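Work through the following exercises with the sequence and the model at hand. Each task is followed by a solution in steps.

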Amino acid sequence: MHWGTLKARILAHGSVRLTGTYRFHPEQSTAGPGAGGRGSIFFATSQGRIRLALDDYSLLTLTADADGSARLTGPDIDICGHIEEAVYHCPRQAFITLSEGCIFSCRYCAVPSLPKYIKTRDEVCAMITAVKDDIDAISLTSGVIGSVEEDEKRAVAVVQAVADFGIPVGVSIYPLPGTPQRLKDAGACEVKFNIEAATPTLFHEMCPGLDYAATWEILEDSVRIFGRNRVFSNVILGLGETDAEMETCIRRLTEIGVIPVIRPLAPSPGLPGLLRPTADRMLRMAEFAKNALAKAGLDPTQAKTMCTLCGGCDLVAGRDI
Ligand code: SF4
(Lines give C-alpha, C1' and ligand atoms only; values in the text may rest on other atoms or scores of the structure.)
Protein backbone atom coordinates (compact mmCIF):
# COMPACT_ATOMS: atom_id res chain seq x y z
CA MET A 1 0.00 0.00 0.00
CA HIS A 2 1.22 3.53 -0.76
CA TRP A 3 2.73 5.23 2.29
CA GLY A 4 0.37 8.23 2.10
CA THR A 5 -2.71 6.00 2.10
CA LEU A 6 -1.41 4.02 5.04
CA LYS A 7 -0.41 7.14 6.98
CA ALA A 8 -3.88 8.64 6.39
CA ARG A 9 -5.50 5.48 7.77
CA ILE A 10 -3.29 5.59 10.85
CA LEU A 11 -3.81 9.34 11.37
CA ALA A 12 -7.57 8.86 11.12
CA HIS A 13 -7.31 6.85 14.35
CA GLY A 14 -4.82 9.31 15.84
CA SER A 15 -4.12 7.14 18.88
CA VAL A 16 -2.56 3.84 19.79
CA ARG A 17 -2.51 1.24 22.55
CA LEU A 18 1.08 0.48 23.49
CA THR A 19 2.26 -3.00 24.45
CA GLY A 20 5.59 -4.86 24.52
CA THR A 21 8.87 -4.60 26.33
CA TYR A 22 10.01 -1.17 25.13
CA ARG A 23 10.58 1.23 28.02
CA PHE A 24 9.99 4.79 27.04
CA HIS A 25 8.96 8.09 28.54
CA PRO A 26 5.85 9.36 26.81
CA GLU A 27 6.26 12.79 25.24
CA GLN A 28 3.95 15.01 27.26
CA SER A 29 3.46 18.10 25.25
CA THR A 30 2.51 21.66 26.04
CA ALA A 31 1.95 22.32 22.32
CA GLY A 32 0.30 20.73 19.34
CA PRO A 33 -2.55 18.22 19.21
CA GLY A 34 -3.03 16.45 22.53
CA ALA A 35 -1.34 19.21 24.55
CA GLY A 36 -1.75 18.40 28.21
CA GLY A 37 -2.91 14.85 27.44
CA ARG A 38 -1.38 11.67 28.81
CA GLY A 39 1.36 11.63 26.21
CA SER A 40 2.15 10.44 22.73
CA ILE A 41 4.62 8.29 20.85
CA PHE A 42 6.36 8.57 17.48
CA PHE A 43 6.26 5.57 15.16
CA ALA A 44 8.52 5.76 12.10
CA THR A 45 9.40 3.81 8.98
CA SER A 46 11.93 4.68 6.29
CA GLN A 47 9.14 6.68 4.62
CA GLY A 48 8.15 8.99 7.44
CA ARG A 49 6.91 9.35 10.99
CA ILE A 50 3.57 9.52 12.76
CA ARG A 51 2.75 10.88 16.17
CA LEU A 52 0.04 8.96 18.01
CA ALA A 53 -1.65 9.77 21.31
CA LEU A 54 -1.50 6.98 23.87
CA ASP A 55 -4.92 5.52 24.52
CA ASP A 56 -5.64 2.11 26.04
CA TYR A 57 -8.93 1.97 24.13
CA SER A 58 -7.48 2.73 20.67
CA LEU A 59 -8.26 0.33 17.83
CA LEU A 60 -4.56 0.44 16.88
CA THR A 61 -1.94 -1.54 18.76
CA LEU A 62 1.76 -0.77 18.78
CA THR A 63 3.87 -3.70 19.93
CA ALA A 64 7.32 -2.35 20.66
CA ASP A 65 10.41 -4.33 21.66
CA ALA A 66 13.20 -3.30 24.00
CA ASP A 67 15.43 -2.38 21.01
CA GLY A 68 12.81 0.05 19.67
CA SER A 69 11.60 -2.10 16.79
CA ALA A 70 7.83 -1.96 16.58
CA ARG A 71 4.82 -3.30 14.73
CA LEU A 72 1.65 -1.26 14.29
CA THR A 73 -1.55 -3.23 13.72
CA GLY A 74 -5.24 -2.44 13.45
CA PRO A 75 -8.13 -2.50 10.96
CA ASP A 76 -6.47 -2.86 7.49
CA ILE A 77 -3.16 -1.79 9.05
CA ASP A 78 -0.09 -3.93 9.64
CA ILE A 79 3.30 -2.27 9.35
CA CYS A 80 6.74 -2.68 10.89
CA GLY A 81 8.93 0.22 11.89
CA HIS A 82 10.55 1.64 14.98
CA ILE A 83 9.96 4.01 17.85
CA GLU A 84 11.51 7.47 17.63
CA GLU A 85 12.25 9.33 20.83
CA ALA A 86 11.27 12.98 21.04
CA VAL A 87 14.03 15.44 21.97
CA TYR A 88 11.74 18.23 23.15
CA HIS A 89 8.20 17.61 21.87
CA CYS A 90 9.27 15.84 18.66
CA PRO A 91 12.23 13.90 17.23
CA ARG A 92 15.34 15.77 16.02
CA GLN A 93 14.04 19.16 17.14
CA ALA A 94 14.09 21.32 20.23
CA PHE A 95 10.47 22.39 19.82
CA ILE A 96 9.91 24.53 22.89
CA THR A 97 6.80 26.26 24.20
CA LEU A 98 7.87 29.60 25.67
CA SER A 99 4.66 30.64 27.44
CA GLU A 100 2.63 27.72 28.70
CA GLY A 101 -0.90 29.02 29.09
CA CYS A 102 -3.00 31.47 27.11
CA ILE A 103 -5.24 34.50 27.61
CA PHE A 104 -7.32 33.41 24.60
CA SER A 105 -9.62 30.41 24.57
CA CYS A 106 -9.73 28.80 21.14
CA ARG A 107 -12.24 26.01 21.46
CA TYR A 108 -10.05 23.22 20.06
CA CYS A 109 -6.99 24.05 22.19
CA ALA A 110 -6.06 22.64 25.61
CA VAL A 111 -3.26 25.15 26.30
CA PRO A 112 -5.45 27.73 28.19
CA SER A 113 -6.29 25.08 30.79
CA LEU A 114 -2.64 24.21 31.52
CA PRO A 115 -0.87 25.63 34.58
CA LYS A 116 0.71 28.94 33.54
CA TYR A 117 4.48 29.07 33.20
CA ILE A 118 6.89 31.31 31.28
CA LYS A 119 10.31 29.91 30.38
CA THR A 120 13.17 32.39 30.74
CA ARG A 121 15.74 33.01 28.03
CA ASP A 122 18.44 31.31 30.13
CA GLU A 123 16.22 28.33 30.73
CA VAL A 124 15.60 27.89 26.99
CA CYS A 125 19.32 28.24 26.21
CA ALA A 126 20.18 25.64 28.86
CA MET A 127 17.58 23.26 27.41
CA ILE A 128 19.07 23.62 23.93
CA THR A 129 22.67 23.32 25.14
CA ALA A 130 21.78 19.94 26.64
CA VAL A 131 20.58 18.52 23.30
CA LYS A 132 22.35 20.58 20.65
CA ASP A 133 24.15 17.57 19.11
CA ASP A 134 20.88 15.68 18.65
CA ILE A 135 18.81 18.29 16.83
CA ASP A 136 18.41 19.70 13.33
CA ALA A 137 16.14 22.58 14.32
CA ILE A 138 15.12 24.93 17.08
CA SER A 139 11.38 25.57 16.91
CA LEU A 140 9.70 28.00 19.27
CA THR A 141 6.03 28.38 19.95
CA SER A 142 4.06 30.11 22.65
CA GLY A 143 0.65 30.63 24.15
CA VAL A 144 -0.09 34.21 25.14
CA ILE A 145 0.45 35.22 28.78
CA GLY A 146 -0.04 38.87 29.76
CA SER A 147 -0.53 40.45 26.34
CA VAL A 148 0.34 39.63 22.73
CA GLU A 149 2.88 42.48 22.81
CA GLU A 150 4.63 41.20 25.95
CA ASP A 151 4.71 37.69 24.59
CA GLU A 152 6.19 38.75 21.28
CA LYS A 153 8.87 40.74 23.09
CA ARG A 154 9.86 37.68 25.11
CA ALA A 155 9.91 35.51 21.97
CA VAL A 156 12.12 37.99 20.08
CA ALA A 157 14.59 38.04 22.98
CA VAL A 158 14.74 34.24 23.03
CA VAL A 159 15.27 34.09 19.25
CA GLN A 160 18.18 36.54 19.58
CA ALA A 161 19.73 34.33 22.24
CA VAL A 162 19.27 30.96 20.49
CA ALA A 163 20.34 32.20 17.05
CA ASP A 164 23.94 31.87 18.33
CA PHE A 165 23.66 28.06 18.30
CA GLY A 166 23.91 28.15 14.49
CA ILE A 167 20.91 25.81 14.13
CA PRO A 168 17.87 26.90 12.03
CA VAL A 169 15.28 28.70 14.17
CA GLY A 170 11.56 28.62 13.35
CA VAL A 171 8.92 30.54 15.27
CA SER A 172 5.16 30.11 15.58
CA ILE A 173 3.47 32.69 17.79
CA TYR A 174 0.33 34.82 17.56
CA PRO A 175 1.57 37.69 15.36
CA LEU A 176 1.15 41.45 15.40
CA PRO A 177 1.79 43.75 12.44
CA GLY A 178 5.61 43.97 12.33
CA THR A 179 6.19 40.62 14.06
CA PRO A 180 7.71 38.95 10.95
CA GLN A 181 10.38 41.63 10.53
CA ARG A 182 11.21 41.65 14.25
CA LEU A 183 11.62 37.85 14.22
CA LYS A 184 13.70 37.97 11.06
CA ASP A 185 15.97 40.66 12.56
CA ALA A 186 16.36 38.54 15.68
CA GLY A 187 17.62 35.55 13.65
CA ALA A 188 14.61 33.36 12.77
CA CYS A 189 14.68 31.68 9.35
CA GLU A 190 11.06 30.45 9.19
CA VAL A 191 7.71 31.42 10.67
CA LYS A 192 4.36 29.70 11.07
CA PHE A 193 1.35 31.90 11.73
CA ASN A 194 -1.79 29.83 11.96
CA ILE A 195 -4.91 30.74 10.06
CA GLU A 196 -6.54 27.85 11.98
CA ALA A 197 -9.95 27.72 10.23
CA ALA A 198 -10.84 27.56 6.55
CA THR A 199 -13.43 30.36 6.75
CA PRO A 200 -13.74 33.60 8.73
CA THR A 201 -17.07 32.49 10.19
CA LEU A 202 -15.59 29.30 11.61
CA PHE A 203 -12.53 31.19 12.82
CA HIS A 204 -14.60 33.71 14.78
CA GLU A 205 -16.65 30.91 16.28
CA MET A 206 -13.56 28.90 17.27
CA CYS A 207 -11.10 31.66 18.22
CA PRO A 208 -12.93 34.52 19.93
CA GLY A 209 -10.80 37.66 20.18
CA LEU A 210 -8.31 36.70 17.47
CA ASP A 211 -8.06 38.56 14.16
CA TYR A 212 -8.47 36.48 10.96
CA ALA A 213 -7.96 39.26 8.40
CA ALA A 214 -4.86 40.59 10.18
CA THR A 215 -3.27 37.13 10.21
CA TRP A 216 -3.72 36.86 6.43
CA GLU A 217 -2.04 40.26 5.95
CA ILE A 218 0.82 39.27 8.25
CA LEU A 219 1.29 36.03 6.28
CA GLU A 220 1.67 38.04 3.08
CA ASP A 221 4.25 40.27 4.78
CA SER A 222 6.05 37.19 6.06
CA VAL A 223 6.56 35.82 2.55
CA ARG A 224 8.04 39.18 1.50
CA ILE A 225 10.41 39.09 4.49
CA PHE A 226 11.33 35.38 4.81
CA GLY A 227 10.89 34.31 1.20
CA ARG A 228 9.02 31.45 -0.43
CA ASN A 229 9.12 28.00 1.25
CA ARG A 230 9.85 29.71 4.58
CA VAL A 231 6.32 30.61 5.74
CA PHE A 232 3.75 28.11 7.01
CA SER A 233 0.22 28.17 8.38
CA ASN A 234 -1.84 25.53 10.17
CA VAL A 235 -5.41 25.08 9.06
CA ILE A 236 -7.51 22.55 10.95
CA LEU A 237 -9.41 19.97 8.92
CA GLY A 238 -12.69 19.03 10.58
CA LEU A 239 -14.04 22.23 12.16
CA GLY A 240 -17.21 22.02 10.06
CA GLU A 241 -15.87 23.40 6.76
CA THR A 242 -16.81 21.83 3.41
CA ASP A 243 -14.21 20.39 1.07
CA ALA A 244 -14.75 23.37 -1.25
CA GLU A 245 -14.11 25.81 1.61
CA MET A 246 -10.92 23.99 2.60
CA GLU A 247 -9.76 23.97 -1.01
CA THR A 248 -10.35 27.71 -1.29
CA CYS A 249 -8.29 28.28 1.86
CA ILE A 250 -5.45 26.02 0.65
CA ARG A 251 -5.43 27.78 -2.74
CA ARG A 252 -5.38 31.22 -1.10
CA LEU A 253 -2.45 30.23 1.14
CA THR A 254 -0.37 28.77 -1.69
CA GLU A 255 -1.14 31.70 -4.00
CA ILE A 256 0.45 34.10 -1.50
CA GLY A 257 3.45 31.77 -1.09
CA VAL A 258 2.48 30.10 2.20
CA ILE A 259 2.78 26.33 2.76
CA PRO A 260 -0.37 25.00 4.46
CA VAL A 261 -0.12 22.52 7.32
CA ILE A 262 -3.44 20.66 7.10
CA ARG A 263 -3.99 19.44 10.64
CA PRO A 264 -6.65 16.79 11.32
CA LEU A 265 -8.91 17.86 14.17
CA ALA A 266 -8.26 16.19 17.51
CA PRO A 267 -11.82 15.89 18.91
CA SER A 268 -12.24 17.37 22.38
CA PRO A 269 -15.02 17.99 24.92
CA GLY A 270 -15.03 21.68 23.86
CA LEU A 271 -16.16 20.66 20.37
CA PRO A 272 -19.15 18.35 20.85
CA GLY A 273 -20.23 16.61 17.65
CA LEU A 274 -17.05 17.28 15.68
CA LEU A 275 -15.24 14.14 14.58
CA ARG A 276 -11.73 13.43 13.40
CA PRO A 277 -11.65 13.58 9.58
CA THR A 278 -11.66 10.29 7.70
CA ALA A 279 -8.59 8.92 5.92
CA ASP A 280 -10.29 9.56 2.55
CA ARG A 281 -10.90 13.20 3.37
CA MET A 282 -7.32 13.73 4.58
CA LEU A 283 -6.04 12.17 1.36
CA ARG A 284 -8.36 14.28 -0.84
CA MET A 285 -7.21 17.49 0.81
CA ALA A 286 -3.54 16.49 0.73
CA GLU A 287 -3.83 15.68 -2.99
CA PHE A 288 -5.43 19.07 -3.58
CA ALA A 289 -2.66 20.77 -1.60
CA LYS A 290 0.03 18.87 -3.50
CA ASN A 291 -1.28 20.23 -6.79
CA ALA A 292 -1.76 23.75 -5.41
CA LEU A 293 1.81 23.75 -4.02
CA ALA A 294 3.22 22.55 -7.35
CA LYS A 295 1.25 25.20 -9.23
CA ALA A 296 2.62 27.88 -6.90
CA GLY A 297 6.18 26.52 -7.16
CA LEU A 298 6.34 25.73 -3.42
CA ASP A 299 8.28 22.79 -2.00
CA PRO A 300 7.53 21.51 1.55
CA THR A 301 10.63 19.27 1.49
CA GLN A 302 12.71 22.46 1.89
CA ALA A 303 11.33 23.07 5.41
CA LYS A 304 14.06 23.50 8.00
CA THR A 305 11.98 23.68 11.18
CA MET A 306 8.61 23.07 12.87
CA CYS A 307 5.72 20.87 11.71
CA THR A 308 6.48 20.55 7.99
CA LEU A 309 9.95 19.22 8.86
CA CYS A 310 8.57 16.90 11.54
CA GLY A 311 5.45 15.65 9.76
CA GLY A 312 4.26 13.68 12.78
CA CYS A 313 0.69 14.95 12.95
CA ASP A 314 -0.28 15.52 9.32
CA LEU A 315 -0.09 14.17 5.81
CA VAL A 316 2.62 16.40 4.37
CA ALA A 317 1.50 17.15 0.82
CA GLY A 318 4.48 16.86 -1.51
CA ARG A 319 6.30 14.47 0.82
CA ASP A 320 3.94 11.82 2.21
CA ILE A 321 1.87 11.79 -0.97
S1 SF4 B 1 3.86 17.84 13.39
FE2 SF4 B 1 4.13 19.68 14.62
S3 SF4 B 1 2.71 19.50 16.37
FE4 SF4 B 1 2.96 17.45 15.42
S5 SF4 B 1 4.60 16.48 16.61
FE6 SF4 B 1 5.53 17.39 14.80
S7 SF4 B 1 6.19 19.43 15.47
FE8 SF4 B 1 4.71 18.68 16.97
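Two residues are in contact if their C-beta atoms, placed from the backbone, lie within 7 Å. The model is predicted: local features need pLDDT of at least 70, side-chain atom pairs count only at pLDDT 80 or more, and totals for chains, interfaces and linings use all residues. Residue numbers start from 1 along each chain as its sequence is written.

**Exercise 1.** Which strands form the open sheet, and which stand at its edges?

Solution. The protein has nine helices and 15 strands, which are DSSP runs numbered from the N terminus (helices H or I, at least four residues; strands E, at least two). Strands pair if DSSP finds at least two bridges between them. Seven strands form the open sheet, ordered β7-β8-β11-β12-β13-β14-β15, with mixed pairing. The edges are β7 (89–90) and β15 (259–264); each has a single partner strand, so one side of each lacks a neighbour in the sheet. Two bridges join β7 to the antiparallel β8 (residues 93–97), and His89 stands opposite Ala94 in β8.

**Exercise 2.** In what order do the strands of the barrel follow each other, and which helix packs on this sheet?

Solution. Six strands close into the barrel in the order β1-β3-β2-β6-β5-β4, again with mixed pairing. Within it, β4 (residues 61–64) and β5 (residues 69–74) run antiparallel and share four bridges; Leu62 stands opposite Leu72 in β5. Helix α1 (residues 3–13) packs on the sheet, touching β1 (15–20), β3 (48–54), β5 and β6 (77–84).

**Exercise 3.** Which residues of helix α4 are buried, and what covers them?

Solution. Helix α4 (residues 179–186) has Thr179, Pro180 and Leu183 as its buried residues. They cover an arc of only 100 degrees around the axis, which puts them on the same side of α4; the arc is that of the directions from the helix axis to the C-beta atoms. Their cover includes α3 (148–162), β12 (169–172), β13 (190–192) and α6 (212–226). Just after α4, Gly187 takes a positive phi of about 125 degrees.

Key
Axes are lines fitted to C-alpha atoms, for helices over the stretch in contact, and angles run from 0 to 180 degrees between N-to-C directions. A residue is buried if 20 or more other C-beta atoms lie within 10 Å of its own, exposed if 12 or fewer, and partly exposed in between; C-beta atoms are placed from the backbone.
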